[in-house]
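Subject: Structure handover

Hello,

Here is the structure you asked to take over. My notes on it follow below.

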Amino acid sequence: MVTSFIGVLFDGLAYGSLLFLISIGLSVTMGLMNFINLAHGAFAMLGGYAAVVAMSRLGIPFLPALAIAFAVSGAVGALLERVLYRRLYRAAHLDQVLFTIGLTFMSIAAATYAFGPAQQPVRLPPFLTGQVHVLGLDLGTYRLFLIAMVVLATLALTFLVERTRFGAQVRAAVDNQQASVGLGINVERVFSVTFALGSALAGLGGALGIDVLGLDPTFPLKYMVYFLLVVAVGGAGTIRGPLIAALILGVFDVAGKYYVPQIGSFIIYAVMVLMLLLFPAGLVGRRI
Amino acid sequence: MKRHPPSPQPSPARAGEGSEFMPMKGLPTLKWNRFEIAFWLIPIAAFFLFPRYLTLGSQILIAGLFALSLDLILGYARIISLGHAAFFGLGAYTAGLLAKHGFGEPLSGLFAAAAVAAVAGWITSFLIVRGQDLTRLMVTLGIGLMLFETANQASSITGGVDGLSGVEMKKIFGVFGFGLDGKTAYLYSLAVLFIVFNATRALVRSPFGLSLRGIREGERRMPAIGASVRHKLVAVYTIGAGIAGIAGALLAQTTQFVGIDVFGFQRSAELMIMLVLGGTGYLYGGLIGAAVFMILQDYLANLNPVYWQFWLGLLLVLIVLFARGGLMGGFIALQHRLWRPSR
C-alpha cells in the first residue's frame, strides 16, 4: 500500500515535470505578451516527430536526437513568431484563440499526412530502461532520467532568468513593458528569443515524453488542456508557479487514474475548475 | 515600428465587427428591412428547389441556431467559450432520453431541453463571470470535457461511445410525423429557428441588448452608469445556454439519435469557426457561416477528411489575419459603398 503510494507519487512527479517542461514556454508567452497560444502543443509534437525521424530514419542515438528535437522546434518557433505570431500580439484574445486553433488543426492534418494516424514507437537506449533499487523501492530508470532532465532544465532556466543580462531584460519586460521600452530594451527581440526558447523546450519535452505521453497527430489537442492548465493555475510569467502547478496536476492525474479509474480524467478537470475558483490569478500571482 | 507597447485594452484591432461598422441612429426598432426579408425567403425557396438535400438543410438550420446562441454570448457579451457544446449536448441528451423513455412529444422535449441547458448555464455562469478571458476559456473548456467524460462513463444511460439509439419521436401536434423524406424535420427546424431568432433579435434590440453592447465596448465604464455587469452576463449566458440546448434537442429529434460527439471539443471549435466565418455580433452571421461551412464540409470532407481539417485551420488563420468581420462584415462594407458613396 505504502509502496504503491510512493510509486504513484513518483510517476506523478515524473509526469508533472514533463508537463512543466512543455508548458514553461507557454507561461512566458502569456506572461510577456499576454498572448493565448493554443497551438503550443504543436511544438511539442514537432519535437517528438523530429526525434522519431532522427532515430528511426537517420539512425541517430537517443540523446543526440533529443538535441535535434530541441533545435528543430526552436527554429520553427522562431520562424513562425517572425512570420505569423508577431502580427497578433496586439489583437483581441478572441482573435489569438481562433488563430492558434487554426494552427493546431493545420498541424494535426499535416502530421497525419506525413506520418499517418498511428502512435509512434520509441526505442529507448538500454541504459534508460529497467528499474533501479533506491531505499528498497523499485523506480523506473527512465522516470528518474526524466526528473533529472527537468531539474537540470529548471536550474539552467532559473540561472538564465535570475543571473544573466538577458534574464533581467525578460523580467523587466514582464513587469512593465512600457518602462522597459523607455529604458532602451528591445522588447521585440526579447520576445522573439523567449518564444523560440519556449518552443525549443516544448520540443524537448515532446521528444522526452514519447514514452510517457505517447505521440500521434492528435497530441496538440489531447494535451492542450493540460498545458493551459499548468499556466492558468500556476500563473503566467513565472517559473515557480507553473512548476508547482505542473507537479500538483501530474500527481493528481496519475493518482486519479490509478486509484479511481472509473472516473478517469474527470478528476483533473474538477481539480482545475476548483483551483481556478480558489486562485483566479494563479498560484503565484500574475504580474501583468 | 512595432516596438510600441501593447495597449492595455486591445480595442483598435476590433474594427469591422458588429455595431462599430454601423453607427447607430437613434434606438433600434424591430422593423424588418428588405435584406432581412430576402434572407428568410432563401430557406423557404430551398425547400422547394432542393428536395434531395433536405437532410443537409436541417443540419444547416440546426447549426445556425447553435451559432446564434454562441453569437449572443461571444458576439454581444464577448465571453470566449471553448465549451459551448456542453449545452448543446445537454439539450440533445435531454430530448433523446425523454423520447427514448416514452415521452416523444417534440415540443415538450424542446422546452425540457432548453430548461435543462439553461439551468446548467445559469449554474456555470457564476464561474464564468469571475474570471478574465483565459480563465473563462479554461472553465468553459473544462466543463465541456467533464460532461464528455460523464456521458462516456455513464454508458448504461447514455449509450457511451455507441451513442443513444432507440429515440422514437411522436408526431408534431399529433399530425406531422418525422418521415424519411426529411420534409417535416426541415420545416420543424426552420420554424423553431425562425421563432427563436425573432426572440433573440428582439432581445438584442431591447435595453438589455444595448447594455450588453455597452459591456462589450467598455466593461469598466458600465458600472458608472448604474448597470450591473455581473447580472447581465449571468442572464445572457443562461439564455445562450438555453438556446444551445434547443439546438441540441432539434438535432436529437430530427436524427432520432444522439452521438457522444455532441459534447466534443471539435463541435465547440467548429461552431466558433462558423460564427467568425459569418461574422460576430450581427445574429445573421452565425446563420450564414453555418450554411457556408456545412455546404463546404459536405463537399470537401467527402474528398478527404484529413485535408478538410487542414483547410479548416487555414481558413481560420486567414479570417483572423485578413477578414476579421467575416462575410457579414464584408457585406455591410459593400452595402455602405454602394448605397452611400458620399464618404
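A residue is called buried if 20 or more other C-beta atoms lie within 10 Å of its own, exposed if 12 or fewer, and partly exposed in between. Gln256(B) has 18 C-beta neighbours inside 10 Å and therefore counts as partly exposed. Please keep in mind that this is a predicted model.

Two loop residues of chain B

Gln256(B) sits in the loop between α9 (229–255) and α10 of chain B. Its phi is near 55°, a positive value in a residue other than glycine. Most residues other than glycine have a negative phi. Arg78(B) also has a phi near 55°, again positive and again not in a glycine. Arg78(B) lies in the loop between α2 (54–76) and α3 (85–100) of chain B. Is Arg78(B) buried or exposed? With 24 other C-beta atoms within 10 Å, Arg78(B) is buried.

The interface

Contacts between the chains involve 40 residues of chain B and 46 residues of chain A. On the chain B side, α4 (106–130), α5 (133–153), α10 (265–278) and α12 (305–322) each supply at least two residues. The largest share, 12 residues, comes from α5(B). By class, the side of chain B that touches chain A has 26 nonpolar, seven polar and seven charged residues.

α12(B) has 18 residues and reaches 26 Å from its first C-alpha to its last, close to the 26 Å expected at 1.5 Å a residue. Its buried residues are Gln309(B), Leu312(B), Gly313(B), Leu316(B), Ile319(B) and Val320(B). Seen down the axis of α12(B), these buried residues fall within an arc of 125°, so they line one face of the helix. An α-helix has 3.6 residues a turn, so residues three or four places apart point the same way. Leu318(B) and Phe322(B), on the other side of α12(B), are exposed. The cover over the buried residues of α12(B) includes α4 (93–115) of chain A, together with α10 and α13 (326–339) of chain B.

For α13(B), the 14 residues should span 20 Å at 1.5 Å a residue, and the end C-alpha atoms are 20 Å apart, which agrees. Gly326(B), Leu327(B), Met328(B) and Gly329(B) are buried in α13(B). The buried residues of α13(B) pack against α10, α11 (284–300) and α12 of chain B.

The α7/α9 pair of chain B

The axes of α7 (residues 183–204) and α9 of chain B come within 11 Å and cross at roughly 175°. Angles over 145 degrees count as roughly antiparallel, and α7(B) and α9(B) are therefore roughly antiparallel to each other. From α7(B), Ala185(B), Tyr188(B), Ser189(B), Val192(B) and Val196(B) meet Ile243(B), Ile246(B), Leu250(B) and Thr254(B) of α9(B). By class, this contact has seven nonpolar, two polar and no charged residues.

One loop residue of chain A

Asp216(A) is found in the loop between α9 (210–213) and α10 (219–222) of chain A. Asp216(A) has 17 C-beta neighbours inside 10 Å, so it counts as partly exposed. Leaving aside residues up to four places away in sequence, Asp216(A) touches Pro117(A), Ala118(A), Gln119(A) and Gln120(A). Asp216(A) and Pro121(A) are 95 residues apart in sequence, with their C-alpha atoms 9.8 Å apart in space.

Regards

Conventions. Residues numbered from 1 in each chain as written. Chains lettered and ligands numbered in written order. Predicted model: local features only at pLDDT ≥ 70, side-chain atom pairs only at ≥ 80, totals over all residues. Contact = placed C-beta atoms within 7 Å. Helix = DSSP H or I, 4+ residues; strand = E, 2+ residues; numbered from the N terminus. Nonpolar A, V, L, I, M, F, W, Y, C, P; charged D, E, K, R; others polar. Expected span 1.5 Å × (residues − 1). Arc of directions from axis to C-beta. Axes fitted to C-alpha atoms, helices over the stretch in contact; angles between N-to-C directions. Parallel < 35°, antiparallel > 145°, perpendicular 65-115°, else oblique.
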